[in-house]
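Let's take a walk through this model together, looking at charged side chains, aromatic rings and a helix along the way.

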Amino acid sequence: MLMIVLSPSFQSFPPAEAIRSSHLHAYLRLPSYQVSSSTYSPLDLFSFRKASEFGNADKCRSTDHKITGVCDPSLVHVAITLDVEYLRGSIAAVHSILQHSLCPENVFFHFLVSDTDLETLVRSTFPQLKFKAYYFDPAIVRNLISSSVRQALEQPLNYARNYLADLLEPCVRRVIYLDSDLVVVDDIAKLWSTNLGSRTIGAPEYCHANFTKYFTSGFWSAERFSGTFKGRKPCYFNTGVMVIDLVKWRRVGYTKRIERWMEIQKTDRIYELGSLPPFLLVFAGRVAPIEHRWNQHGLGGDNVRGSCRGLHPGPVSLLHWSGSGKPWDRLDSRRPCPLDALWAPYDLYRHSH
């Protein structure tokens, strides 16, 4: 068991802000409507308990070092989306990271949001958290999204991960991207230290999976499409847990490459499954492999029916409820799967009685 040392001197970082600049304007344009006192707010729907304070252990960098901002080289950068539907999961994910980090004061969260009111809720739940919220304009991808096997996979915020290199400050050279339906049960710094070598992204790969099923028969029969994998040994990987070298991403311009495949999908229907296939088309066979312990995925069941699943053999550092079933829904309905009990301790949601 990892012991977290609580520190009364934990320093608060300046309040989060939705970044606005001419360089990032296309991605960070704030909503043009004016919010009135009668307008719906997510704050009306959710109430979370305040998390306990966390402090760095003695082994962390000297407390004489004061973190100066998002560009501080000692930070571990983690990006997560925040939206109303998955907010409870995102809060639990953050809570789990803080609980298991040896140096939680050195973790900086980048929240991708479509509703700026969520900043206030995060601040009230984690008063000392180092974070910024980045408004992602759904219009950026709305005309690129195709229908999927599950409606939740069509939400614009699912595609915000494609734009991390543009959204985050240029000084942020690496980021861990995490989905909202997971908990981390190990020190996130271990994942952060992954050696990517010459690769742009790192993720657990699953080469035993049937890779052909992620694309249509029309894709495989057309050389102009399937030929993209020529000379590669593509394996399935889950985009809910990735370590990304943003310097290389920006230099090569991978966002445009992903967008190009999404444009092709609109006219030729080469896949059925949301935001994953464009990543596979660009990166499969070019991924730095990460231990499977960092993505024990599929705990939500399949994308249509949902079901209870067990863990894959081996050690566990991250539990991921990918698939249609979410632990908070199953727990609330009193029909949980056995492994949902492993998510529950990180849930800070305050039920009304």
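Is Asp186 buried or exposed? This is a predicted model, and in it Asp186 is buried, with a relative accessible area of 13%. Its partner is Lys190: the two form a salt bridge whose closest N and O atoms are 2.9 Å apart. A search of the whole structure finds 12 such salt bridges.

Another of them joins Lys248 and Asp245, with 3.9 Å between the closest N and O atoms. Here Lys248 is buried at 16% relative accessible area, and Asp245 is buried at 15%.

Now turn to Arg224 and Asp268, whose side chains meet in a salt bridge at 3.2 Å, N to O. Arg224 sits in helix α8 and Asp268 in helix α10, so this pair ties together parts that are 44 residues apart in sequence. Arg224 is exposed, with a relative accessible area of 62%, while Asp268 counts as partly exposed at 32%.

On to the rings. The structure holds 27 aromatic pairs. One of them, Phe46 with Phe48, is stacked, at 6.0 Å centre to centre and 5° between the planes; both residues are buried. Trp328 and Trp343 make a tilted pair, at 5.6 Å and 45°. That pair links Trp328 in helix α12 to Trp343 in the segment after α12, 15 residues apart, and both tryptophans are buried. Ring pairs also build a cluster that includes Tyr206, Phe211, Trp220 and Trp261.

Finally, helix α2 spans residues 87-100. The helix is mostly covered, with 13 of its 14 residues buried.

Definitions and conventions. Residues are numbered from 1 along each chain as its sequence is written. This is a predicted model: local features need pLDDT of at least 70, side-chain atom pairs count only at pLDDT 80 or more; totals for chains, interfaces and linings use all residues. Side-chain values use heavy atoms; hydrogens and water are left out. Rings of Phe, Tyr and Trp (its six-membered ring) pair if their centres lie within 6.5 Å; planes under 30 degrees apart count as stacked, over 60 as edge-to-face and the rest as tilted. Buried means under 20% relative accessible area, exposed over 50%, partly exposed in between (1.4 Å probe, protein chains only). Helices (H or I, at least four residues) and strands (E, at least two) are DSSP runs, numbered from the N terminus. The expected span of a helix is 1.5 Å times one less than its number of residues. A salt bridge is a side-chain nitrogen of Lys or Arg within 4 Å of a carboxyl oxygen of Asp or Glu.
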